[in-house]
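Please look at the fold as a whole before following its separate parts. The report below begins with contacts along the chain and then turns to sheets and a helix.

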Amino acid sequence: MLLRVAKEFGFKVRTFQHVLEGYKVADELAAAGVGASTFSDWWAYKVEAYDAIPYNAALMTRRGVVVSINSDDAEEATHLNQEAAKSMKFGGLSHDEALKMVTLNPAMQLGIDKRVGTIDVGKDADLAIYNNDPLSAYAVVQKTLIDGRVYFDRQRDIAERPKREKEKNALIDKFKKSEEKKLEEKKPDAIVPIGQKPAEKKLEEKKPEEKKPEEKPKPPQSGANDSAAAVLSGGAL
């Protein structure tokens, strides 16, 4: 449907994301020249994924679709090389076809394959060096380079771990001391005078102030009353 809409209004769909049922419309995807980015073997974990199959990536590849492997999970995204290797088991793709799913193919989908995706002269030197076949479950990254600069070196990382652990512990101790200091500063509020129990102090603090009764107006003095009566009876003001 979306491909028909794109054709009618003249815009290009570059890549379909999470296209778990792409194998059902693989020929249409290939004919339109769009890419497909999918999970390796996730299926039946929710209603929308009931028809997802682990053979999806391989079937689309065989139909001529440019396929990449992705993940929404932060941890799994760190070993997509091994996720791509699953297509060798589920679908029988070759080693290079599987490797392209996490190297050249995603670069093509993003339109940056002239800069990254393969190791060629003139491209950005964004590389990951392993101690084994990248598609092996035993492969461990030894170095990571971005634009030719080493951003990660496993040997250096191992050598610096004691230093980082020491720094981490120092920061934890500093935080603990800071919390203890805050507690110490709050202690004076809880000091109770000698001979007084804590409960008594609390009652004393909570005891409301007694209100003094309002003074009622005093009745007039007898002398004043007599004078007033004398004035009224005498008739002369």
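Among contacts in the protein (heavy atoms within 4.5 Å) between residues at least 6 apart in sequence, 45% join residues that lie at least 24 apart. This is a predicted model, in which local features need pLDDT of at least 70 and side-chain atom pairs count only at pLDDT 80 or more, while totals for chains, interfaces and linings use all residues. Residues are numbered from 1 along each chain as its sequence is written, and side-chain values use heavy atoms, with hydrogens and water left out.

The protein has 237 residues, of which 24% count as buried, a word that here stands for under 20% relative accessible area, with exposed over 50% and partly exposed in between (1.4 Å probe, protein chains only). Its secondary structure comes to nine helices and six strands; helices (H or I, at least four residues) and strands (E, at least two) are DSSP runs, numbered from the N terminus.

Two sheets can be described side by side, and in them two strands pair if DSSP finds at least two bridges between them.

| β1-β2-β3 | parallel | β1 (15-17) and β3 (67-69) |

In the parallel sheet, strand β2 (residues 35-38) pairs with β3 over three bridges, and Ser37 has Ser68 of β3 as its bridge partner.

Strand β5 (residues 141-146) is joined to β6 by four bridges, and Ile146 has Arg149 of β6 as its bridge partner.

At the start of α7, a side-chain oxygen of Asp153 reaches to within 3.0 Å of the backbone nitrogen of Gln155. Further along, α7 bends by about 40° at Glu160, and a proline, Pro162, follows within four residues; the bend is the angle between axes fitted to the seven residues ending there and the seven starting there. At 1.5 Å a residue, the 33 residues of α7 should span 48 Å, and its end C-alpha atoms are 47 Å apart, which agrees; the expected span is 1.5 Å times one less than the number of residues.

Conventions. A polar contact is a pair of N or O atoms within 3.5 Å; within protein, one must be able to donate a hydrogen and the other to accept it, and residues adjacent in sequence count only if both atoms are side-chain atoms.
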